[in-house]
Amino acid sequence: MIADYAWLTRPEGRVFNNLTIPDSPAGRAELAKITGEKFMAAAAKAGGKTVFADTKSQHYAFHETTVSEKHPGLGTRDLVAEMITAAKKRRMRFVAYVPVDCDMRAWREHPEWRPRRRDGSELIDRVGFPRMCENTPFRDFIAAYCKELATNYDIAGFWFDGLGLQPAPEFCYCDACVKGFQEKYALDAPAPDASPEVWASWREYRNDAVRETLRVIREAIHAVKSGLPLMTGVGTGNWQYASTGFLDHSDMAEHENAWSWAPSTMQYLRALHGKVPEYYIPTFQYAPSYPLTLPLEEMRAKAFTAIANGSVPTFTLKGRPEILRTVNAELAERSDFCMNTEEVPYAGIVFSERSMHICDKEPFAEPSQYTSYGVLRALFEEKIPEQYISDRTLSGDLSRYAAVILPDIGYLPDTVADDLRRYVENGGGIVAMNRTSLFDANGKLRDNFLLADLFGVDYAGELPDTTELPPWFGDIRSGTEFSNAQKMKFLAAGDHPIVDRTIREAHSIEVMPEYLRGTPAAHRLPFAWPMLKVKPQSGTAMAIWEGVQEAPKRWPLITTRTYGKGRVVYIASDLGRAYVDHHTWPYQRRMMTNAVRFAAKKNPPVRTDAPLHVQMTAFRQGERIIVHLLNDAHPHGLPPLTKQTFKGYYTNFSRVHEETVPLFDVAVSVTGEFSKTYFVPGKKKLTMSYVSGRTTVTLPRIDMHGMVVFNK
């Protein structure tokens with residue numbers, strides 16, 4: 001990282017404001033009241049050090065330009081020049097916010113550049129932005145605009161919004177996109193219900209277009225100012241475009257939690273990009289579409305969630321500046337302990353771009369997202385140190401991880417499968433779920449798992465959704481009898497290390513003794529989620545199984561086996577998604593976390609006895625270990641915008657954090673011996689003990705967030 005751009009990874013003082021101002025009477029009146037001096041005074045009052053502001057609204061530029069078109073309401077004013085001058089006076093940096101998918105001049109003069117639906121109709125933005133397709137000559141248009149801006153103004157970097165074209169499954173069917181696809185693949189642009197092979201080609205073509213757009217823009221900017229950083233928003237549905245490779249041309253990836261669960265997205269972007277991502281935080285609540293300023297505790301929760309997950313927060317300027325100044329001051333006190341860190345490895349959660357695109361074509365890629373959400377939530381609650389692994393980095397040496405989790409990764413390339421085998425042979429642990437390795441590169445179901453030899457099971461189909469039990473309702477005297485079909489499976493647990501007391505005692509009992517509506521007493525664990533049929537191979541042990549539907553045959557839910565020096569756990573269902581939907585069933589969490597501990601064969605390097613709701617993450621900074629404890633009572637909820645909740649408007653920020661209940665006497669221990677420990681904020685020295693190879697401290701009090709620093 002160039003020294004002048006170290007601000008990219010500092011979490012404090014990052015403020016943003018979106019000046020989306022059309023040329024209307026109301027827009028001109030609003031623009032007349034905005035000056036660079038007023039804008040930067042507000043940013044400074046909020047504790048701003050790096051200010052992200054529009055050089056171009058969704059429609060017009062706020063400065064002199066020969067490429068785009070200056071906002072008609074500005075007259076002779078140059079708002080960008082005003083803001084830069086005012087920022088320099090306050091020793092603040094100005095970063096240009098540029099939407100790269102819309103422009104009024106291009107929209108008016110080049111209708112052929114506008115995005116189209118498959119039926120040829122124009123894809124009009126619901127809020128009136130003049131959207132353009134970046135796969136047309138508009139790509140060169142916006143690159144020329146950015147080059148002009150870098151040439152004429154002293155800016156610290158670019159913050160791009162809108163990159164990523166139109167979201168799946170719509171995409172764009174303009175002439176340029178259709179023709180380009182035909183030339184490359186000799187195929188017609190497909191409908192969303194096309195064959196997996198054609199759809200995979202169409203998606204890859206779109207991804208190539210996104211990569212090329214950012215590459216062209218970056219080259220244009222760096223031809224003028226080499227090294228100027230580019231920050232890139234990952235577009236609607238984050239997961240759809242975050243992994244397309246355009247981040248290779250970006251210095252920082254940005255995301256907004258309106259589209260996904262923040263901790264999960266931050267960790268994935270960090271794993272994918274290898275750099276610190278940004279968490280964009282609107283400081284207001286949609287209720288559902290009326291903005292209300294969020295309180296201080298909510299701002300703290302979002303800011304500390306960012307740094308606890310290896311990210312940096314950027315706040316909008318909406319609301320009371322003194323609130324943001326308070327949060328920025330608290331971030332500044334923590335900042336030095338957030339720089340140049342890497343995760344302490346133990347459990348790696350794989351998120352596969354390729355599997356998502358091949359097996360889960362839904363607009364928000366919910367199957368792939370939800371399964372990783374559920375796994376991450378379970379590990380959070382059990383305080384198991386984890387980090388995401390991108391399938392881009394899955395190949396190669398995985399020895400740093402005690403266990404690798406494959407949560408429903410339907411497609412795995414042969415080379416990755418070989419690497420996973422070697423990893424386990426050398427002593428690693430695998431926890432694989434559901435469809436992992438069951439599909440080929442074209443999204444077709446295989447006859448058996450590609451990794452059947454590693455899992456120790458063979459695929460045999462799926463169990464029915466419902467279980468037919470002995471009739472329950474009826475009357476002997478009248479001769480009536482009604483069917484008893486339960487929309488769930490009923491599980492039994494064996495004598496196995498994965499089966500702990502929580503699982504063994506999680507009985508669902510309707511009538512005493514011995515029966516659950518006619519269910520055999522030995523099968524008291526209800527499981528209301530799809531489950532595959534798998535046949536255990538020789539040497540594979542069953543820990544938990546279904547044994548009612550085809551009694552006396554048993555179909556295993558969880559199996560274990562030794563492979564070389566390592567261990568493999570296979571779970572014949574998407575337990576991650578099940579835990580998202582049925583998180584009130586704690587035994588499902590214990591199944592997952594016990595499976596990870598069993599596969600890992602060794603204790604986690606960091607432990608704490610903090611309550612379930614506290615998120616613990618651990619980072620290494622040189623020889624120093626830094627443990628974050630985030631005391632947020634609502635950190636593990638569902639992602640706020642999905643097909644289940646989306647009704648045509650934003651539904652994010654549905655809960656507001658208004659108070660924090662402090663914690664006392666929480667213990668934290670780390671493997672190894674350290675010379676001193678202290679607590680941040682305050683750098684309060686802690687008393688430590690060293691027993692059996694671990695250093696332990698007890699924290700007198702934790703409010704919203706704190707870091708335990710272990711120094712060698």
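## A first look around Arg-14

The side chain of Arg-14 reaches out to the backbone oxygen of Leu-8, ending up 3.1 Å from it. Keep in mind that this is a predicted model. The protein has 712 residues, and 60% of them count as buried. Here's a quick tour, starting with that arginine and then moving on to a pair of helices.

- Arg-14 sits in strand E1, which covers residues 14-17.
- With a relative accessible area of 1%, Arg-14 falls under the 20% cut-off, so it counts as buried.
- Its side chain also makes a polar contact with the side chain of Glu-278, at 2.9 Å.
- Leaving aside residues up to four places away in sequence, Arg-14 touches a list of residues including Trp-7, Thr-50, Phe-52, Met-231, Met-252, Val-312, Phe-315 and Asn-328.

**Helices H10 and H11**

- H10 (residues 296-308) packs against H11 (residues 321-335) at an angle of about 30°, and their axes are 10 Å apart.
- Angles under 35 degrees count as roughly parallel, so that's the label for H10 and H11.
- On the H10 side, the contact involves Leu-296, Met-299, Arg-300, Ala-303, Phe-304 and Ile-307.
- H11 brings residues including Ile-323, Leu-324, Val-327, Glu-330 and Arg-334.
- The two helices, H10 and H11, cross in a right-handed way.

**The whole protein**

- Its secondary structure comes to 18 helices and 35 strands.
- Take the contacts between residues at least 6 apart in sequence: 73% of them join residues at least 24 apart.

Notes:
Residues are numbered from 1 along each chain as its sequence is written. This is a predicted model: local features need pLDDT of at least 70, side-chain atom pairs count only at pLDDT 80 or more; totals for chains, interfaces and linings use all residues. Side-chain values use heavy atoms; hydrogens and water are left out. Helices (H or I, at least four residues) and strands (E, at least two) are DSSP runs, numbered from the N terminus. Buried means under 20% relative accessible area, exposed over 50%, partly exposed in between (1.4 Å probe, protein chains only). A polar contact is a pair of N or O atoms within 3.5 Å; within protein, one must be able to donate a hydrogen and the other to accept it, and residues adjacent in sequence count only if both atoms are side-chain atoms. Contact means heavy atoms within 4.5 Å. Axes are lines fitted to C-alpha atoms, for helices over the stretch in contact, and angles run from 0 to 180 degrees between N-to-C directions. Angles under 35 degrees count as roughly parallel, over 145 as roughly antiparallel, 65 to 115 as roughly perpendicular and the rest as oblique. A crossing is left-handed if the near helix is turned anticlockwise from the far one by less than a right angle, and right-handed if clockwise.
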